[in-house]
Amino acid sequence: MECSFGITGKDYVILASDMSAGRSILQFKSDENKIKALGPHLAMAYGGEPGDTNNFADYVERNVRLYHIRHHHALLPAAASSWIRRSLADSLRSRRPYSVNLLLAGFDTTDDTSHLYWIDYLGTKATVPYAAHGFGQLVALSTMDKYWVEGADKRAGVDTVRKCIDEVAKRLTVKFSFNAILIDKDGIHNLDLSSEDPIAAIEAAAAAKAEAAAAAAAPAAAADAPAPAVAAAA
């Protein structure tokens with residue numbers, strides 16, 4: 001019983017995932033984080049068999065981090081999606097395949113574009129503007145198809161994700177609680193879906209960070225400024 005959504009916009013991508021952990025009709029936890037940050041502008045929402053999901057998510061995270069350490073730059077979303085798809089395809093042909101479905105989301109800082117990839121346990125990959133995994137896709141994909149608009153702003157994207165969550169709550173007998181993130185040029189931000197305007201909180205945090213950076217840079221700029229000339233005595 002799992003549910004995850006992904007949606008792209010003009011300069012962002014949003015991932016949302018349920019926080020339940022259980023087996024069959026039993027629920028063990030309701031605060032499990034199924035979204036893992038893989039880099040400064042890359043994250044994935046995963047689901048599947050409990051042991052496989054945790055092991056594969058850690059495996060992906062550590063290899064992406066190793067790439068960053070070796071090459072001194074983060075792995076871009078397109079390259080990361082190809083490597084993850086290949087890893088799942090290779091495991092499928094081994095004696096211990098991973099039963100993991102995931103949504104990979106990222107922001108490419110080289111050309112300022114958002115990316116979303118739908119990947120399943122068979123190693124199938126698709127580049128999509130919006131996607132879902134789990135039981136929620138039975139009702140959420142039609143909602144996304146109706147309300148998703150290419151180039152929509154961040155608030156419109158959050159509103160569409162909320163509509164998907166409301167549809168899942170109305171039409172599925174299983175009740176989920178969700179957490180969500182937003183990825184843009186400034187990095188990964190947590191989305192408080194219970195807030196009336198979570199984008200305002202992100203914008204306020206970005207403005208405060210910019211002010212702090214400007215304040216920290218001001219003394220350095222003053223120290224580097226040339227000393228004023230002193231007039232010679234008559």
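A residue is called buried under 20% relative accessible area, exposed over 50%, and partly exposed in between, with a 1.4 Å probe and protein chains only. This is a predicted model, in which local features need pLDDT of at least 70 and side-chain atom pairs count only at pLDDT 80 or more, while totals for chains, interfaces and linings use all residues. Residues are numbered from 1 along each chain as its sequence is written, and side-chain values use heavy atoms, with hydrogens and water left out.

I turn to salt bridges, each a side-chain nitrogen of Lys or Arg within 4 Å of a carboxyl oxygen of Asp or Glu. The whole structure holds 15 of them. In one, Glu61 meets Lys36, at 3.4 Å from N to O. Glu61 belongs to helix α1 (residues 50-71) and Lys36 to strand β5 (residues 35-39), so this pair ties together parts 25 residues apart in sequence. Helices (H or I, at least four residues) and strands (E, at least two) are DSSP runs, numbered from the N terminus. Lys36 is buried, because its relative accessible area is 17%; Glu61 is buried too, at 13%.

Asp159 and Lys163 form another salt bridge, their closest N and O atoms 2.5 Å apart. Both residues lie in helix α4 (residues 154-171), four residues apart, about one turn of the helix.

What of disulfides, pairs of cysteine sulfur atoms within 2.5 Å? The search finds zero. The sulfur of Cys164 is 8.6 Å from the closest cysteine sulfur, in Cys3, and therefore too far for a bond.

Methods:
Disulfide = S-S within 2.5 Å.
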